[in-house]
Amino acid sequence: MMKFRFRRQGNDPQREKIKQDLFAFNKTVEHGFPNQPSALAYDPKLRLMAIGTKSGAVKVYGSPGVEFTGLHKDMATVTQMHFLPGQGRLLSLLDDNTLHLWEISLREGATQLEEIRSFTLPGRPGIESTSATRVTVILLKWSCDVACLGTEGGGVHFLELPSLHLLDSKSLFQDEIMQSVPEDYKSGKSLGPVESLQEHPQNPSKILIGYSRGLVVLWDQTTRQVDNLFLGNQQLESLGWESSGKTFVSSHSDGGYMVWAVNSSSPRTQQPVSSIIPYGPFPCKAINKILWRTSESGAPIVLFSGGMPRASYGDRHCVTVLQEKTQVTLDFTSRVIDFFTIHSTDGAKDYDNPAALVVLLEEELVVIDLQTPGWPTIPSPYLAPLHSSAITCSYHISNVPTKLWERVLAAGQQQSPPQTHVKWPINGGKNLAPDPKHKGLLLTGHEDGTVRFWDASGVSLKPLYKLSTANIFQTDCDHNDSLTQPGEEEWPPFRKVGCFDPYSDDPRLGIQKISLCKYSGKLVVAGTAGQVLVMEVNEEMSDHLINTATVDLLQDREGFSWKGHDRLAPKNGPISFPPGFHPIILVQCLPPAAVTAVTLHAEWNLIAFGTSHGFGLFDYHRRGAVLARCTLHPNDSLAMEGPLSRVKSLKKSLRQSFRRIRKSRVSGKKRVVINSPTSKVQEANAQLAEQAGPADVEVAPVQRRIEPRSADDSLSGVVRCLCFADTYLRDGTHHGPTMWAGTNSGSVYAYALEVPSLEKFSEQSVEAVLGKEIQLMHRAPVVSIAVLDGRGNPLPEPYEVSQDLAKAPDMQGSHSVLIASEEQFKVFTLPKVSAKTKFKLTAHEGCRVRKVALANFGSVSSDDYSENGLMCLTNLGDIHVFSIPGLRPQVRYDCIRKEDISGIASCVFTKTGQGFYLISPSEFERFSLSARVITEPVCTVDLDRPHDSTAHSNNTPGSLQANGTHKVPSANDSHSLGEAEGVLEEIQAALSSPPLDSPNSSADITLDTTGDITVEDVKDFLVSAEEAEKNLKNISEEDARSPGILIK
């Protein structure tokens, strides 16, 4: 029988207009802490801070909601940054020795950060090598008209601002300085690179120049003479003026600092006023940077990084704050990048009076209040380290009720009461974005067993509350407090600062799945060792025992024995819980495998959970198991060996995937690169392969062949999704509670539930009867299940209808169930479970489904019009939106690089058409698919900028404009091939590495640390890498051949 497809020619203009009003893709803002920061700058006039990264990104922050982001054209490390105070301009230096001038400007009604020009310092032909002109230090004169550049060759060059024109006549070279240096000090050696440049605080024409060898020179630009020589003999690290200009301080490589007096009567100074090694007398590490700040309240405050005793504490990352006899050694858990103080810059005032110390670390930003006794930490409203422990899962709740929001907020405030009442000092700019209409919560599960609650309503992701589950179990986390508490006489006087702590004492604590009912305050948290915690929010402290229950998912199945990790043992006796979420009951799955799916229905007092062995249904009100179903296939031996064996089987899986690649290359069409020199060759070869294929196989011309999956694939019993629904399952006249479960082998189980009424909850128990069992033809993993009402709309959440918070679902029309597998979407009618419509994504697009979610898209042209849509993220990183229940494709966008497996696995959608995914371990990228709901920075900065006719030159790289987020320019797309080859080499190296049970192996055996990363993810990535490698080879061969030859 022949099938004909009738398609309307062209697009419906009216429908296209509706789609434009509903859908629009935008990457809006990056939440979290910048990955691999490398430079720091501060504008005291505008009160803005800038952070540069190793990837070439520049991020400017002010008051919460004021953010600007830019990206250098070349992916080079930002080594230094300096603001032109008050002008909204920023000078950056990259490690390729190029200088770039950035400007905050108003373009098309939006305030943006854009690069306006760049500069490279030329060398003197035949005299200076390239390394001699490498810029080591930059000084921006307070007048903002000149930048002084110190170089590795010892020269100082002067650059006019903002034009970036080199003032050749003013350049100062070492030989000019050497004429004033005494002969006995020269001793045939050069002075070394310029390490520091500091402008005289009272006389702008004078500059303090510090050379690596230890010589410090006070240079007068107007007379071009050396006013003072300070003959230091210790390798110099940094310099800092005292505000009066009468003294300065120098720090050195031996861990000491020296105070020098500037006296016009004695042009040569042999000895400093004082020389101190704070943590001596034993050898110390270098003091990398030092600041000297005067205070009206008493002695000056000295701040420096480094200088720790090399043998005892050489591995510590510290900044010391010293004022007379008060000394605090701020001990951080990651490397110090840079720091600055927020202090008075008014020249009319006699004192600096520092208000705060801002320290940029490799993994977080810490701000210390210098005005409050004890120097406490000021909590940050943004730049929170999301990865203080590695993120393992994410969960988003839209439209959070005020009651729950206030209770979470109160619990967080009691958990971390503010140590100081000083407000956030970096508060420049104005946030023009309207207050969010609805509150949004982002929950992140972490490797150390914590769940962190974040305010995701606006541009700034603010921490609200931290829930810890480690205190419920007996683990190695209970350290001996006497070992960690400093003694009275301990030296150095360490104080632990910051919250970045990437180490987990027990990997079994890791959070895998989260589910929250926003109306009842019930929370389900499931972990790596099969632990499922049911919790509820409580405004009071409490001490109580933990109720426990176990659910055996194997159901006495013979021939299976668990070889993985043990379960986590709960603590004995009462446990004290602060205000917040308190556990109601701990349900332990047996075997204690990682929980792969969880869902909650608070109105029915039920939770469902699944592992690689099966799924269970539990009544937490009566504290009893309702159902346990084993989903193991007889050949599922790997599921019994824990996460260790998944890594062991990688070699076998890769071998199988490469075999599949070879088969699919012959049988199916491939994606070809448009305008590629080899596209014609590949097209011709594909046609030949199809002609040579078996004649009795009919394939639709728009579809690809899909290789059926074997029924005995390893880990086929993994439960991928669970859901509750009030729908028709037994017959078409009586609806009732149901539970649905989908597995890795394409099986769907539907259970009819007998849930007692509210009055009889305590008397009657819930019963479950298997109503339907569906087996998908290709056995593709089931990613999601959702029940639709008679109008094709998703069913409301628990309590929404009973509390008049949502419109009641249509229970008159025929319900349907939407089942999304990795390969296709299919809608079945209920209760007959007959196929109604489907869309074969893998057959049409050649990709696999990774994440799906239902969302409501509102129209920008009409507040009353909205549509429900199915959002789908594929393994290629693109996002599709389909109509429901018709499953018609609406839009498609490229979102995540297909090589970014972790980013794809970490993606979470919201119910309003937005989403988050990790672009680094510490940053979420926020994006929007909705034309109406967009969360992005809308801000402005009041600038005091002198007129500059050359402000916008013709060489402005317009593609580098950015606001809120940045996109990598297309010129950098060539890096993806190298990255792919690099990963191939890493995997090949992993295959040749010693087995995991070898004592020489240090492989990570954590089951899941970034989300649902499956073996298929790795296969997909290898396919793309191999294709890229082959394409490169074909291109080189094609170039060597005549263009007329298509097939060899």
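**H100.** I looked up H100 and found it buried, at 8% relative accessibility. Buried means under 20% relative accessible area, exposed means over 50%, and partly exposed is in between (1.4 Å probe, protein chains only). This is a predicted model: local features need pLDDT of at least 70, side-chain atom pairs count only at pLDDT 80 or more, and totals for chains, interfaces and linings use all residues. Residues are numbered from 1 along each chain as its sequence is written, and side-chain values use heavy atoms, with hydrogens and water left out.

H100 sits in strand 8 (residues 98-107). Helices (H or I, at least four residues) and strands (E, at least two) are DSSP runs, numbered from the N terminus. I then checked the side chain of H100 for polar contacts. A polar contact is a pair of N or O atoms within 3.5 Å; within protein, one must be able to donate a hydrogen and the other to accept it, and residues adjacent in sequence count only if both atoms are side-chain atoms. The side chain of H100 has one with the side chain of T98, at 2.7 Å. Another, of 2.8 Å, reaches the side chain of E115. Leaving out residues up to four places away in sequence, H100 touches H72, L90, L91, S92, L94, E115, R117 and S118. Contact here means heavy atoms within 4.5 Å.

**D43.** Next I went to D43, in strand 2 (residues 37-43). Its relative accessible area is 0%, so D43 counts as buried. Which residues does D43 touch, not counting those up to four places away in sequence? I listed L48, F83, L84, P85, G86 and Q87. P85 is 42 residues from D43 along the chain, yet their C-alpha atoms are separated by 5.2 Å. A polar atom of the D43 side chain lies 3.1 Å from the backbone nitrogen of L46.

**Helix 1.** I turned to helix 1 (residues 13-22), where K19, D21 and L22 are the buried residues. Seen down the helix axis, they fall within an arc of 160°, so they line one face of helix 1. That arc is taken from the directions from the helix axis to the C-beta atoms. P13 and Q20 are exposed, on the face of helix 1 turned away from its buried side. Among the elements covering the buried residues of helix 1 are strand 1 (23-32) and strand 55 (849-858). D12 caps the N-terminal end of helix 1, with a side-chain oxygen 3.2 Å from the backbone nitrogen of Q14.

Is strand 5 (residues 67-71) enclosed or open? I found 5 of its 5 residues buried, so strand 5 is largely enclosed by the rest of the structure. E67, T69 and L71 point one way from strand 5, while F68 and G70 point the other way. Strand 4 (residues 57-61) pairs with strand 5 in the antiparallel sense, over 5 bridges. Two strands pair if DSSP finds at least two bridges between them. V60 stands opposite F68. Strands 4 and 5 form a hairpin with 5 residues between them, and G65 in the turn has a positive phi of about 100°.

I traced an open sheet of 5 strands, with the order 14-15-16-17-21 and mixed pairing. Strand 14 (194-199) and strand 21 (268-269) are the edge strands, each pairing on one side only. Strand 17 (residues 225-231) and strand 21 run parallel, joined by 2 bridges. F230 stands opposite T269 in strand 21.

**Rings.** I counted 25 aromatic pairs in the structure. Rings of Phe, Tyr and Trp (its six-membered ring) pair if their centres lie within 6.5 Å; planes under 30 degrees apart count as stacked, over 60 as edge-to-face and the rest as tilted. F615 and Y749 have ring centres 5.6 Å apart and planes at 45°, so this pair is tilted. F615 lies in strand 45 (residues 614-619) and Y749 in strand 49 (residues 747-754), so the pair ties together parts that are 134 residues apart in sequence. Both F615 and Y749 are buried. I also noted a cluster in which ring pairs link F25, Y893, F909, Y917 and F927.
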